[in-house]
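Me: I would like to learn how to read a few features of a structure. Could you take me through them one at a time?

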Amino acid sequence: IKPNKRDVSLHFDGDYITPDRNCLGDLSVRWLYGAPGSGLKVNGTLELSAATTAFKGWEGYDFRDDTRVFEDQTFTYPDMKTDAEGHASINTYYEVNKAATPGMLNAGFTFRAFEPGGDFSTSYSSIRMSPFSTYVGIKTELDKDEWGDTFLTAGKPHRVEVATGGA
């Protein structure tokens, strides 16, 4: 194992990305002494997994659809070259099965930048991916049993609050 000789970083504008429109990320490669990693081969992967779906100000609401199960997915970014300033553009337009997506997703990016001799540096970064523009959440008061598990009591009226949140 060799230490990284390059700083590889990925930056997106905003706190989340979406899979069904072009969200461009800036992949930047710099040598540790500060020079841009120009003309270097880079490639990588995107791993999607289910995430917690929550919104600030709406604590206590459940915005996740537990009837859906998301199978982790991996996408590949094939070989590309950095420009003269050591940058490459990363697009997040991917086909995600929204019918099987319960809510927000974690998007984990792993990128490698190669030296001309074949050695490479690796970086990992993550950001939230929002497959939907609007989420519907519910909130209700749950009963607890002696072990602390929560449940709704059958045959008893329950107040349910509904809210919508957007990513």
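**Reading contacts, charges and patches**

Reply: Note at the start that this is a predicted model. Ask about one residue and we can go from there.

Me: Is serine 121 buried or exposed?

Reply: A residue counts as buried when its relative accessible area is under 20%. Serine 121 has a value of 1%, so serine 121 is buried. Its place is in strand β8, residues 120-129.

Me: Which polar partners does the side chain of serine 121 have?

Reply: A polar atom of that side chain lies 3.1 Å from the backbone nitrogen of lysine 5. The serine 121 side chain also makes a polar contact of 2.9 Å with the side chain of arginine 6.

Me: How many salt bridges does the structure hold?

Reply: Side chains of opposite charge can pair when their charged atoms come close. The structure holds seven salt bridges. One of them joins lysine 156 and aspartate 143, at 3.3 Å from N to O. This pair links distant parts of the chain, with lysine 156 in the loop between β11 and β12 and aspartate 143 in strand β10, 13 residues apart. Lysine 156 is partly exposed at 41%, and aspartate 143 is partly exposed at 21%. Elsewhere, Lys5, Arg6 and Glu115 are linked in a network of salt bridges.

Me: Which residues form the nonpolar patch on the surface?

Reply: Val136, Ile138, Val160 and Val162 form the patch, with about 360 Å² of accessible area together. Strands β9 and β12 each supply at least two of the patch residues. Isoleucine 138 lies in β9 and, at 45% relative accessibility, counts as partly exposed.

Definitions and conventions:
Residues numbered from 1 in each chain as written. Predicted model: local features only at pLDDT ≥ 70, side-chain atom pairs only at ≥ 80, totals over all residues. Heavy atoms only, no water. Helix = DSSP H or I, 4+ residues; strand = E, 2+ residues; numbered from the N terminus. Buried < 20%, exposed > 50% of the residue type's maximum accessible area, 1.4 Å probe, protein only. Polar contact = N/O pair within 3.5 Å; in protein donor to acceptor, adjacent residues only side chain to side chain. Patch = residues over 30% accessible without salt bridge, like charges linked within 9 Å, V, L, I, M, F, W, Y side chains within 5 Å. Areas by Shrake-Rupley, 256 points an atom, 1.4 Å probe, with all protein chains shown as cover. Salt bridge = Lys/Arg side-chain N within 4 Å of Asp/Glu carboxyl O.
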